Amino acid sequence: LQGIFVLGLPYALLHSGYSGLLLIVLAATLCCYTGKILITCLYEENEDGQLVRVRGTYEDIANACCKKLSPKLGGIVVNVTQVVELIMTCVLYLVVTGNLLSHSFPYVPITEKTWSLIAFVTLLPCVFIRTLKIVSKLSQLCSLVHFVIILIVMTYCLTQIHQWSWAKFKLSIEFEDFLVSVGVIIFSYTSQIFLPTLEGSMKNPGEFRCMLNWTHFFACVLKTTFALTAFLTWGEETKEVITDNLPSFLEMLVNLCLLTKALLSYPLPFFAATEIVYSCVSKGNHSNYRSPLLALSVRVPFLLLTLLMAMFTPHFALLMGLSGSVTGAAMTFLFPSLFHLKLKWKKLSFLEKCTDISVFILGFLCSLAGIVCSIKGLLEVFG
């Protein structure tokens, strides 16, 4: 999910300056921490003092926290937030495909919206995907294409190293633009919705914390290096999707690779979102498609919804910032820290409690400010 949205990080640096570099590192650190405490909430000590996995999903954790209020209230809130985040991810993929196609074929008299519609037609078979096996194969191809794209962009940037200048970084920044950048950076790290399932499927779950440390470390290094080299290459001319800055002989090649990646990436969040809704509608019969008509009645409206949203909000960075500020902040910072405090309060040290509270407050303030600024930016674009 994170791969293609790395393209928005150089644009985030344009509006956040030096603080953007610190934000990328800070976001990696905080996301790694909240990932760990979220998994901690899956476990409870038994009579012998051993940790036992008593919950299996993010939804189970939320329900455990809200069971006194309502047995299913927490799960409903988490499921709605997850579905919104996944659908917004699908919308962003469609927005990106329209942008990429319009810049790859500038002489074709077709608008970005029309290109998004053409790309949407190729995604119609998604309504017939019934298992994760197909999705996993598509994801493997995505990883290969992603590394090719990063290699091409960074190689070109390194050939322009003689033009680099640290003077391109702003010392003074616009507060509203900075907050939108916060949303973009947060969205590039969101993965908490998949962590409970991932940890449960590991051969040795005890290695999860170590795995999380290394993956966030390498993600931070990759994103910082990519965003920095791209911004130093183009400076004030950095665009929302960094591939738009490439010379024409490379732009079409990279854009076609990105187009392939975006189309191959779409099925994963789409499948995950529709699975959540389908499991709720069919009362827990997750992945049990004994009723193909019911499955299609869930998937088709979702597919059309992503198209309509992509057609009416074709602004990659602003939409990504809004998504990061709303669902990204909630799933990545607010819920994990709140659930951890609720379920483990008696066993937490004073420092751990302060850390969780600080993460929650920081996440809430960033989310609130990011929402206001992103919506204002979208209104200005449409106004």
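Buried here means under 20% relative accessible area, so Arg 55, at 14%, counts as buried. The structure shown in these close-up views is a predicted model.

**View 1. Salt-bridge network around Glu 44.** Glu 44, Arg 55 and Lys 344 are linked in a network of salt bridges. The side chain of Glu 44 meets that of Arg 55 at 3.1 Å, N to O. Glu 44 belongs to strand S1 (residues 43-45), whereas Arg 55 sits in the loop between strand S2 (51-53) and helix H3 (58-65), 11 residues apart. Glu 44 also meets the side chain of Lys 344, here at 3.6 Å, N to O. Because Lys 344 lies in helix H13 (residues 316-344) and Glu 44 in strand S1, this pair ties together parts that are 300 residues apart in sequence. Lys 344 has 8% relative accessibility and therefore counts as buried.

**View 2. Salt bridge between Arg 53 and Glu 199.** A search of the whole structure finds three salt bridges, one of them formed by Arg 53 with Glu 199. The closest N and O atoms of this pair are 2.8 Å apart. Arg 53 is in strand S2 and Glu 199 in helix H8 (residues 195-201), so the bridge ties together parts that are 146 residues apart in sequence. The relative accessible area of Arg 53 is 31%, which makes this residue partly exposed. Glu 199 is buried, at 2%.

View 3. The largest nonpolar core has 53 residues, of which Ile 185, Tyr 189 and Phe 226 touch the most other members. Helix H9 (residues 208-234) gives the most to this core, contributing nine residues. Another core lies apart from it and has 49 residues, including Tyr 43, Val 78, Leu 123 and Phe 339.

**View 4. Lining of the second largest pocket.** The second largest pocket holds about 460 Å³ of space. Its lining is made up of 18 residues, and those nearest the centre are Lys 36, Thr 40, Leu 51, Arg 209 and His 340. At least two lining residues come from each of helix H2 (18-40), S1, H9 and H13. H2 supplies the largest share of the lining, five residues. By class, eight of the lining residues are nonpolar, three are polar and seven are charged.

View 5. A disulfide is a covalent bond between the sulfur atoms of two cysteines. The structure holds zero disulfides. For Cys 126, the closest cysteine sulfur is that of Cys 90, and at 8.2 Å the two sulfurs are too far apart for a bond. Cys 126 is buried, with a relative accessible area of 6%. Cys 157 also counts as buried, at 0% relative accessibility.

**View 6. Phe 364 in helix H14.** Phe 364 is placed in helix H14 (residues 350-382). With 42% relative accessibility, Phe 364 counts as partly exposed. Val 326 is 38 residues from Phe 364 in sequence, and the two are 9.5 Å apart in space, C-alpha to C-alpha.

Methods. Residues are numbered from 1 along each chain as its sequence is written. This is a predicted model: local features need pLDDT of at least 70, side-chain atom pairs count only at pLDDT 80 or more; totals for chains, interfaces and linings use all residues. Side-chain values use heavy atoms; hydrogens and water are left out. A nonpolar core is a set of buried Ala, Val, Leu, Ile, Met, Phe, Trp, Tyr and Cys residues joined through side-chain atoms within 4.5 Å. Buried means under 20% relative accessible area, exposed over 50%, partly exposed in between (1.4 Å probe, protein chains only). Helices (H or I, at least four residues) and strands (E, at least two) are DSSP runs, numbered from the N terminus. A salt bridge is a side-chain nitrogen of Lys or Arg within 4 Å of a carboxyl oxygen of Asp or Glu. A disulfide is a pair of cysteine sulfur atoms within 2.5 Å. On a 1 Å grid over the protein atoms alone, a cavity is a set of points where a 1.4 Å probe fits but cannot get out, and a pocket is an open set with protein on both sides within 12 Å along at least five of seven lines; lining residues have an atom within 4 Å of a point. Grid points are joined across faces, edges and corners, and a volume is the space filled by probe spheres set on the points. Ala, Val, Leu, Ile, Met, Phe, Trp, Tyr, Cys and Pro count as nonpolar, Asp, Glu, Lys and Arg as charged, and the others, Gly among them, as polar.
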